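Q: I'm new to this one. Can you walk me through it?

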Amino acid sequence: MWILNTNFKFFLSSVLLFQLYSVCKCSDDLKRIVGGSATSIANIPYVVQIRQDGNYICAGSLIRPQFVVTAAHCTVGLRPSQLIVVGGATTLAQTGVRRAVSKIIMPRGFSMNNFNRDVAVLKLRSPLTGSNIAPIALNTQGLTTSTSLRVSGWGRTSENASGVSTQLRTVIVPVVGKSRCTAQYRGYMALTSTMFCASAPGRDSCSGDSGGPAVSNGQLSGIVSFGRGCAQPNFPGIYTSVRSVRGIIQNALRQ
């Protein structure tokens, strides 16, 4: 399937860029939290940075001291030795607490053709602990259109912004009905049972936010996955449903 003029919500390494262009015609715009506000890691201590060869590429969520949940597309083609996870840092300039990654666990058969089951678990070489670092529980309940989600990350603040946000940002977005969202994405991407949609006028996640958390009722409910542009009126952001991939995550925790 080809996705025309689509801006996915992550920063592309040369490997990822090659793979993404093999399945879609993407613009070069790369983006972040839109319509949100700056926040401190003290308010959302489960959010972590994922860095490839020292450079920020995606966000993630600490779910156990030694395990981080992120998006599978953030890790495609990468080796554990290329990644580090940074916790306890509000800005990209802060050192925070850093841990090497020992293992990348993702669903067998994950494909960037359809982004189904877009989840990966990173096992750290040692527990990530320290000031402003705390794990978050996984969602155990379903989502409805009355559910509001807190989405956080270091992605771009507008579709045409240049460079990443150096400051952690957060935004509140409501869940969008699946049937409506499916119709809006028809011809661009077939939405699967592991996905849900969320956004509001002028508010959305964006490139650079990939892998980051969508939280409701204090639980990790979604993982930033992809979208067509950022805060586009007819194209909500697409998230991986944590409830739908909970078994994958729990199996990874046993490794």
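Q: Where is Gln 184 found?
A: Gln 184 sits in helix H2. Helices (H or I, at least four residues) and strands (E, at least two) are DSSP runs, numbered from the N terminus.

Q: Is this an experimental or a predicted model, and how is it numbered?
A: This is a predicted model, where local features need pLDDT of at least 70, side-chain atom pairs count only at pLDDT 80 or more, and totals for chains, interfaces and linings use all residues. Residues are numbered from 1 along each chain as its sequence is written, and side-chain values use heavy atoms, with hydrogens and water left out.

Q: Back to Gln 184. Buried or exposed?
A: Gln 184 counts as buried, because its relative accessibility is 18%. Buried means under 20% relative accessible area, exposed over 50%, and partly exposed in between (1.4 Å probe, protein chains only).

Q: What does Gln 184 touch?
A: Leaving out residues up to four places away in sequence, Gln 184 touches Pro 233, Asn 234, Phe 235 and Pro 236. Contact here means heavy atoms within 4.5 Å.

Q: New topic. How many disulfides does the structure hold?
A: Three. A disulfide is a pair of cysteine sulfur atoms within 2.5 Å.

Q: Why is the disulfide of Cys 181 and Cys 197 left-handed?
A: Because the torsion about the S-S bond of Cys 181 and Cys 197 is about -90 degrees.

Q: What about Cys 58 and Cys 74?
A: Cys 58 and Cys 74 form a disulfide too, sulfur atoms 2.1 Å apart. This pair links distant parts of the chain, 16 residues apart. Cys 58 is in strand E5 (residues 55-64), while Cys 74 is in the loop between strand E6 (67-70) and strand E7 (83-87). The link of Cys 58 and Cys 74 is left-handed, with -90 degrees about the S-S bond.

Q: And Cys 206 with Cys 230: left-handed or right-handed?
A: Right-handed, with 90 degrees about the S-S bond. Cys 206 and Cys 230 are 24 residues apart, and their link joins distant parts of the chain. Cys 206 counts as buried at 0% relative accessibility. Cys 230 is buried as well, with a relative accessible area of 6%.

Q: What lies 2.7 Å from a polar atom of the Ser 244 side chain?
A: The backbone oxygen of Ser 241.

Q: Last one. What is phi of Arg 117?
A: Near 55 degrees, a positive value in a residue other than glycine. Most residues other than glycine have a negative phi. Arg 117 is in the loop between strand E8 (97-105) and strand E9 (120-124).

Q: And phi of Asn 132?
A: Near 60 degrees, also positive in a non-glycine residue. Asn 132 is in the loop between E9 and strand E10 (137-138). Asn 132 is partly exposed, with a relative accessible area of 34%.

Definitions and conventions: Polar contact = N/O pair within 3.5 Å; in protein donor to acceptor, adjacent residues only side chain to side chain.
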